[in-house]
Amino acid sequence: MQEKWSELRKRLAQVYHLQHASAVLGWDQETYMPPRGAGARAEQLAVVNKITHESFTAPEIGRLLAALHDHVAKLPYDSDDAALVRVTQRDYDKLRRVPPELIEEISRESSLALEAWKRARPGSDFRIFQPHLERMVELKIQQANYLGYPERIYDALLDQYEPGITTHQVVAIFQDLKKDLVPLVKAISAKLDRVDDACLYGEYDEQKQWEFGVQVIKQFGYDFEGGRQDRTAHPFTTRLGWGDVRITTRVDKYFFNTAFFSTTHECGHALYDMNLPETLGGTPLADGASLGVHESQSRLWENLVGRSRDFWGYYYPRLQAVFPAILRDVTAAEFYRAVNRVKPSFIRVEADEVTYNLHIMLRFELENDLLERKVKVAEVPEAWNAKAQAYLGATPPNDAQGCLQDIHWAFGDFGYFPTYSLGNLLSVQFFEQAKRAVPAIPAQIARGEFAGLRDWLRENIHRHGRKFTLDELARRVTGEPLNAKPYVAYLRSKYGEIYGV
Ligand code: ZN
């Protein structure tokens, strides 16, 4: 038996290292690779990803899992060994259904689509991206058909990012949210002038913005000995190996929120990865539970901490000292209200907490329509704009601020967007639970101390890696399933006070 365990772990470790090698190539592609390197990089990524796929789906892994199955059946559900076999089997079954040639094709196409997206976005020219998106939609439909699905084609792709969650569940949660959000947005919309955020649009020196963000995330616990931060068009977090969790951000000289909140957001992701226990290293368990759970961590640090009154009570005087010319006559209370201003905007990553989920509903519905062939790729700009008008009350002036704003479709990440909304809901469920368990957390945040919160997150969420699904983790940590109630209550209380609604 011991031999089988060590053989399985040896094979899984090889996959783990290959995945990180691929992450290095991907990180470089996004940060420092010159444009003409794109063709070769696409080939390199395709080859590495193909070998990774072949290593993980080798029949020998299936035989080892089968041999160990009875042994772990007697172990507790949350034991490392039982979880390793359960989660590896789940991944294995899923990947075995898709031919490696298709995975390779998607990888290659995504590199080309990414370059096309980068060219299309600045000039807002959807036609440059369109043929790549058409190809990608066809490839994703093929992939979904290989994976199989119980009800909607979307289920197959959603399940890759959020195991156990169905399209049906997401539709139900969005209906719940809509019911409460739409009246709230309406009530706030009548009082938009109660909050002035002009102070966020001064000339903010880019280097000083960068340094301020670094100072804050170091306090949050981001370890620059085990990571680094670089600039990219679209911020992300990536783990390149044990002890190497990198984040990227973008900086806007004339808008404070862009760099600061993307930095705190990505830091939240990074803390999750940095706090995974080393005992799970080299296995499929050494990762976040799911994308939704990962997003709960980034939103928690970005919004529940970074947009709180407690946080700015401590940090605002420090920010004022860095940008005295812009902020001299702005009070901490005014600044807190400014960073929480509700304003229907076109760009998802800059959306406020109240309207954010409307951006996700738009994409979720459009993706379903593309996969079910109810909308053609050529019709995407028009369909996007119609939904933006319906949900956000305005039509984007161009595709760069509409359907070209996100990188996800270039990567073939269909089924991914709902995880953002699930993460929003879960972030509040977790944060409320953390405050029940450690009532000093708000007072600590008001003193610029974050260890209490960080330790609670590590103990209750991070240390489990991928042992539990989103729903299992929600029930285990909060005693309740994933639901929209705490999120809606949080929005009502916070924005009710700010807008007097
Ligand atoms: Zn995120």
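**Helices, zinc, cores and salt bridges**

Trainee: Which helix holds Ser111?
Mentor: Helices are DSSP runs of H or I with at least four residues, numbered from the N terminus. Ser111 lies within residues 100–120. That run is helix 5.

Trainee: What kind of model is this?
Mentor: Residues are numbered from 1 along each chain as its sequence is written, and side-chain values use heavy atoms, with hydrogens and water left out. Local features need pLDDT of at least 70, side-chain atom pairs count only at pLDDT 80 or more, and totals for chains, interfaces and linings use all residues; this is a predicted model.

Trainee: Is Ser111 buried or exposed?
Mentor: Go by relative accessible area: buried is under 20%, exposed is over 50%, and partly exposed is in between (1.4 Å probe, protein chains only). Ser111 has a relative accessible area of 4%. So Ser111 is buried.

Trainee: Which residues does Ser111 touch?
Mentor: Contact means heavy atoms within 4.5 Å. Residues up to four places away in sequence are not counted. That gives Gln29, Ala42 and Leu45.

Trainee: Which residues are the protein donors of the zinc ion?
Mentor: Donors are N, O and S atoms within 2.8 Å of the metal (3.2 Å for Na, K and Ca). Water is not among the atoms, so sites may look incomplete. The protein donors lie 2.1 to 2.2 Å from the zinc ion. They are His265 (NE2), His269 (NE2) and Glu295 (OE).

Trainee: Why does Glu295 count as buried?
Mentor: His269 is buried, at 12% relative accessible area. Glu295 counts as buried too, because its relative accessibility is 3%.

Trainee: How many residues has the largest nonpolar core?
Mentor: A nonpolar core is a set of buried Ala, Val, Leu, Ile, Met, Phe, Trp, Tyr and Cys residues, joined through side-chain atoms within 4.5 Å. Phe311 and Trp312 are among the residues with the most contacts inside the largest one. Its residue count is 127.

Trainee: Which residues does Phe311 contact?
Mentor: Leave aside its neighbours within four places in sequence. Phe311 is then in contact with Val216, Phe220, Phe260, Val305, Gly306, Ile445 and Phe450.

Trainee: How many salt bridges are there?
Mentor: A salt bridge is a side-chain nitrogen of Lys or Arg within 4 Å of a carboxyl oxygen of Asp or Glu. By this rule the count is 40.

Trainee: Which residues are linked in a network with Arg11?
Mentor: Arg11 and Glu7 meet in a salt bridge, 2.8 Å from N to O. Both lie in helix 1 (residues 2–31), 4 residues apart, about one turn of the helix. The network links Arg11 with Glu7 and Lys10.

Trainee: Which residue forms a salt bridge with Glu365?
Mentor: The closest N and O atoms are 3.7 Å apart. Glu365 is in helix 15 (residues 356–371), and its partner, 187 residues apart, is in helix 8 (residues 167–189). That partner is Lys178.

Trainee: Which residue meets Glu497 in a salt bridge?
Mentor: The N to O distance is 2.8 Å. Glu497 is partly exposed, with a relative accessible area of 45%. Its partner is Arg309.

Conventions: Helices (H or I, at least four residues) and strands (E, at least two) are DSSP runs, numbered from the N terminus.
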